[in-house]
Amino acid sequence: MTMTMAKNHETQMNQIQTNAAHLSLKFRTKMTLTLFLSEDSINYDFSGISSHTECAAHTLQLAINDAIKTDESTKVHINYLNSRMVFFKTSREWSDELRQLTNLDVVMIIPTRWNAMLDMLDRFNNVEFYNAVHTVLLKVQNTNRPRNMKTPPIVPNVYDLKKSLELFKILRPMRDATDTLQGGDSQTSNCAILATANAFRINKIKAEFFDNFKKSLLNSVKHRMEPLFNKTEFILAAFLDPAQKFSIFEFETTANLDDIRLILPSLDFIKYVVARKYSLEETILQTTSTSCLTTTTTTTTISNTSEKFAQ
């Protein structure tokens with residue numbers, strides 16, 4: 001009988017600890033809701049929201065790839081630069097010639113490595129590296145080659161460098177956002193929202209060669225990231241961040257009405273998400289309290305029976 005009472009006592013204590021945890025969550029949530037929620041009734045349909053939350057960094061990379069695939073001029077220029085990198089990577093003779101002029105290695109696009117394309121653009125835009133590539137490829141063009149040898153790449157010119165500098169300028173904010181999103185375990189939903197919103201500074205870039213791509217990129221990021229930021233998990237994570245709470249959703253991505261904007265969840269929608277979550281937590285609390293009360297009653301009955309048996 002003593003062992004049975006000890007086991008029930010342990011069960012009771014576990015229930016009390018669980019109840020206390022939910023009570024703490026309820027208290028913190030209620031205190032915030034008291035200051036935040038209005039009495040208005042807001043109705044939204046949550047049937048289409050999945051419990052799965054995508055990786056924000058991966059989603060952003062998919063948006064970038066979508067924009068590049070749909071813009072022919074961007075694809076042509078990227079392939080143009082990458083083919084020169086591949087040429088030096090696969091030719092020992094000419095890569096040795098390149099090393100005599102610069103210590104910088106070639107950087108090729110690696111499909112499985114995020115920001116590899118930006119790294120390639122950054123390397124090509126380096127003046128020392130560009131001059132070295134130009135000099136060596138010019139020498140390749142003027143060298144007698146066997147007939148079966150492939151035609152070497154065309155020598156890049158200042159016009160190519162100018163286009164590469166502009167494309168890098170457009171894509172750099174996306175690289176910065178990706179680096180922030182994969183910066184470690186301490187990243188929060190607020191960090192993801194702020195990093196993506198900051199990337200919309202691309203609107204301010206005056207593009208001469210890739211203006212259509214700039215617009216396509218912003219629309220692609222908007223299309224991919226907005227549904228992610230409207231997910232319950234993202235909104236609740238922002239709510240539980242004591243440093244930001246809901247102020248992050250008031251962030252303006254641009255001041256120009258003609259610019260492409262990142263539309264964040266509305267205040268009414270956020271209020272509904274939090275109110276709905278609060279309702280769920282209260283249900284859990286009530287269920288836990290009932291379970292704890294049942295355990296207490298059972299333990300009391302066993303204790304009374306034991307006392308009667310002892311008499």
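**Notes on the model**

1. Asp-160 is buried, with a relative accessible area of 10%. The model is a predicted one. Asp-160 belongs to helix H7, and beyond its neighbours within four places in sequence it is in contact with His-77, Tyr-80 and Phe-124. Phe-124 lies 36 residues from Asp-160 along the chain, and the two C-alpha atoms are separated by 9.9 Å.

2. As to the overall make-up, the chain has 11 helices and 0 strands. Read from the N terminus, its elements therefore give the order α-α-α-α-α-α-α-α-α-α-α. Of the 311 residues, 41% count as buried. Among contacts with a separation of 6 or more, 77% are accounted for by residues 24 or more positions apart.

3. The largest nonpolar core holds 69 residues, and those that touch the most other members are Phe-88, Leu-171, Phe-213 and Leu-217. Helix H7 (residues 158-181) supplies the largest share of this core, 8 residues. Apart from its neighbours within four places in sequence, Phe-213 is in contact with Ala-67, Ile-68, Asp-71, Thr-74, Leu-167, Ile-170 and Leu-171.

4. Met-174 is a further residue of helix H7. Is Met-174 buried or exposed? Its relative accessibility is 1%, so Met-174 counts as buried. Setting aside neighbours within four places in sequence, Met-174 is in contact with Leu-60, Ile-64, Ala-199, Ile-202, Leu-217 and Val-221.

5. Two packed helices are described by the angle between their axes and the distance between the axes. For H7 and H8 the angle is about 170°, and the axes are 8 Å apart. H7 is therefore roughly antiparallel to H8, because an angle over 145 degrees counts as such. From H7, the residues that meet H8 are Pro-173, Met-174, Ala-177, Thr-180 and Leu-181, and their partners in H8 are Cys-191, Ala-192, Ala-195 and Ala-199. By class, this contact has 8 nonpolar residues, 1 polar residue and no charged residues.

6. How many of the 11 residues of H8 are buried? The number is 8, and H8 is mostly covered. The buried residues of H8 are Ser-189, Asn-190, Ala-192, Ile-193, Ala-195, Thr-196, Ala-197 and Ala-199. They pack against H2, H7, H9 and helix H10 (232-239). Cys-191, by contrast, is partly exposed, with a relative accessible area of 27%.

7. Helix H5 (residues 116-125) is likewise mostly covered, with 7 of its 10 residues buried. These are Ala-116, Met-117, Leu-118, Met-120, Leu-121, Phe-124 and Asn-125. The buried residues of H5 pack against helix H2 (56-69), helix H3 (72-90), helix H6 (127-141) and H7.

8. Asn-115 lies in the loop between helix H4 (92-101) and H5. Most residues other than glycine have a negative phi. The phi of Asn-115, however, is near 70°, a positive value in a residue other than glycine. Asn-115 has a relative accessibility of 9% and so counts as buried, because the limit for that class is under 20%.

9. Phe-209 is found in the loop between H8 and helix H9 (211-229). Which residues does Phe-209 contact, leaving aside its neighbours within four places in sequence? They are Tyr-159, Lys-162, Lys-163 and Glu-166. Phe-209 and Glu-166 are 43 residues apart along the chain, yet their C-alpha atoms are separated by 7.5 Å.

10. A last point concerns the cysteines. The count of disulfides comes to 0, a disulfide being a pair of cysteine sulfur atoms within 2.5 Å. Cys-55 has a relative accessibility of 45% and therefore counts as partly exposed. Cys-191 is also partly exposed, at 27%.

Methods
Residues are numbered from 1 along each chain as its sequence is written. This is a predicted model: local features need pLDDT of at least 70, side-chain atom pairs count only at pLDDT 80 or more; totals for chains, interfaces and linings use all residues. Side-chain values use heavy atoms; hydrogens and water are left out. Buried means under 20% relative accessible area, exposed over 50%, partly exposed in between (1.4 Å probe, protein chains only). A nonpolar core is a set of buried Ala, Val, Leu, Ile, Met, Phe, Trp, Tyr and Cys residues joined through side-chain atoms within 4.5 Å. Helices (H or I, at least four residues) and strands (E, at least two) are DSSP runs, numbered from the N terminus. Contact means heavy atoms within 4.5 Å. Axes are lines fitted to C-alpha atoms, for helices over the stretch in contact, and angles run from 0 to 180 degrees between N-to-C directions. Angles under 35 degrees count as roughly parallel, over 145 as roughly antiparallel, 65 to 115 as roughly perpendicular and the rest as oblique. Ala, Val, Leu, Ile, Met, Phe, Trp, Tyr, Cys and Pro count as nonpolar, Asp, Glu, Lys and Arg as charged, and the others, Gly among them, as polar.
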